[in-house]
Amino acid sequence: MSIKQGVFPNEMKIAKVIPIYKSGDKALTCNYRPISVLNFFSKIFEKIMYNYLIDFINDHNILYSYQFGFRQKYSTNHAIITLVEKINQALYKGNIMIGVYIDLKKAFDTVNHNILLKKLHAYGIRGNILKWFESYLHNRQQYVYVNKTKSDTKYIKCGIPQGSILGPLLFILYINDMSSISTIIFPILFADDTTIFIEGKSIQETIPILNTELNKVVTWLSSNMLTLNALKSHFMIFHRARMKCINLDVNMGDVVLKQVNFTKFLGVIIDDKLNFTHHISYLKNKLSKGMGIILKARHYLNKKVLITLYNTFIYPYLIYCVEIWGNACSSHLDPLIKLQNKIIRIITFSPFRTSTEPLYNALSILPLRKITIQRIALQMYKYSHGTLPDVIQNLFQTNTSIHNHNTRQRLNLRQPVATKEYMYKNFSFHGVYIWNYLLSKTTIDTNVSYNSFKYSLKIHLLGNNISFRVI
């Protein structure tokens, strides 16, 4: 009845807002993220409407293909893989790539309801469904709850409630048309995390073009009531050759952006050489803290609990986006490998010089090199079953798509051409190499469930001393 009449009940529009601290001065309200705790029944209504809306969006292919946030089958891994692939492709052609990392102030909280409704109408959401969304957005109320104290209830004039089911989807629809601002720049989006790239032959030629295109972005932000956070926005130049970087004034309206050599993007520290030394150094500090916890706890806890601590404080850092940074040079990865070995010896009370391979096998834990192989192989499993985003699926070709000859390797993936050393480190190169190895050199069944494949792969990696030339 709610959908037929286009009405969202007012009783379900009241939100209890709990501020969650992010970073910076705790006395400043701008350093808190407001999370809305909503009525339980409102989430049932939202979930039903979400299912209708997402089916409509997918059927009509409405969302920008490089929007990786809040979408089924899309993840931060895929966003960073795409970023690195695009940069390396530009460098392979002898070009430069400039990345502009844009931070928006309170993006979710400043969404204009009238603009959002006009965009929904433009995408084909009309009639009672549009009336329902108008009812859902208007006359919402909220109060703030801090230290067991409740504020007065106030009406909300703009913004999407964070913590709602529909909120993230409505937001990515709100910023979806950012991709149509220009045909020259190339945005990669993860919800409100926005990175804009431009490829060019030289710095002197590319900077003026970039500034012109960024002015279009500023106009779009202003038209959509979104505000640039100048202090957290910056740019980075990716290049391989030596060059003089003079007069590098990159502007967004009246804001002059700062140039950086590295930045954190979706949890991974990207540097202008793509060697991931800063990210590996960051991981080393995190793993050292985890090692300290395990070192202190091992005198009081048994081995099983210590492995649980490893899986809590060490393993998540090692697997996050390792498909990208795990292919870095051996000299860069060596500190992490040594640290992981040290942690394994601590768990097993082994002497400093003990060989670690039997220890890893006994604990059923994979060393970093094999973790990288495993995580890439799992992505390739998804590729083989067609469950990766189209932008990642399109990175690969089978040999049968090139020729029809009945060769032994006709079912294998086609190895990308790579004449530069850094191209070997691409996910697209390693993915093909590892997947072809699994198909031709092992008996692992790839036509099983994801969990079964993951289990078989881990058993194979534990039992074999695998060393790929390209890794």
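# A tour from cavity to core

The lining of the largest cavity is made of 4 nonpolar, 1 polar and 3 charged residues. Here Ala, Val, Leu, Ile, Met, Phe, Trp, Tyr, Cys and Pro count as nonpolar, Asp, Glu, Lys and Arg as charged, and the others, Gly among them, as polar. You are looking at a predicted model, where local features need pLDDT of at least 70, side-chain atom pairs count only at pLDDT 80 or more, and totals for chains, interfaces and linings use all residues. Residues are numbered from 1 along each chain as its sequence is written, and side-chain values use heavy atoms, leaving out hydrogens and water.

**Stop one: the cavity.** Select Ile81, Val84, Glu85, Glu323, Ile324, Lys425, Asn426 and Phe427, which line the largest cavity. Helix H3 (76-92) and helix H11 (322-325) are the elements that each give two or more residues to this lining, and H3 has the largest share, with 3 residues. Helices (H or I, at least four residues) and strands (E, at least two) are DSSP runs, numbered from the N terminus. A cavity is a set of points, on a 1 Å grid over the protein atoms alone, where a 1.4 Å probe fits but cannot get out; lining residues have an atom within 4 Å of a point. The volume of the largest cavity is about 40 Å³, counted as the space filled by probe spheres set on the points, which are joined across faces, edges and corners.

**Stop two: the core.** Now select Phe133, Leu170, Ile270 and Trp325, the residues with the most contacts inside the largest nonpolar core, which has 138 residues. Such a core is a set of buried Ala, Val, Leu, Ile, Met, Phe, Trp, Tyr and Cys residues joined through side-chain atoms within 4.5 Å. Buried means under 20% relative accessible area, exposed over 50%, partly exposed in between (1.4 Å probe, protein chains only).

**Stop three: a strand.** Phe190 belongs to strand E7 (residues 186-190). Show its contacts, including Gln67, Phe68 and Leu266.

How many disulfides does a search of the whole structure find? The search finds 0, a disulfide being a pair of cysteine sulfur atoms within 2.5 Å.

Key. Contact = heavy atoms within 4.5 Å. 1 Å grid on protein atoms, 1.4 Å probe; cavity = no way out; pocket = protein on both sides within 12 Å on 5 of 7 lines; lining within 4 Å. Lists of a residue's contacts leave out its neighbours within four places in sequence.
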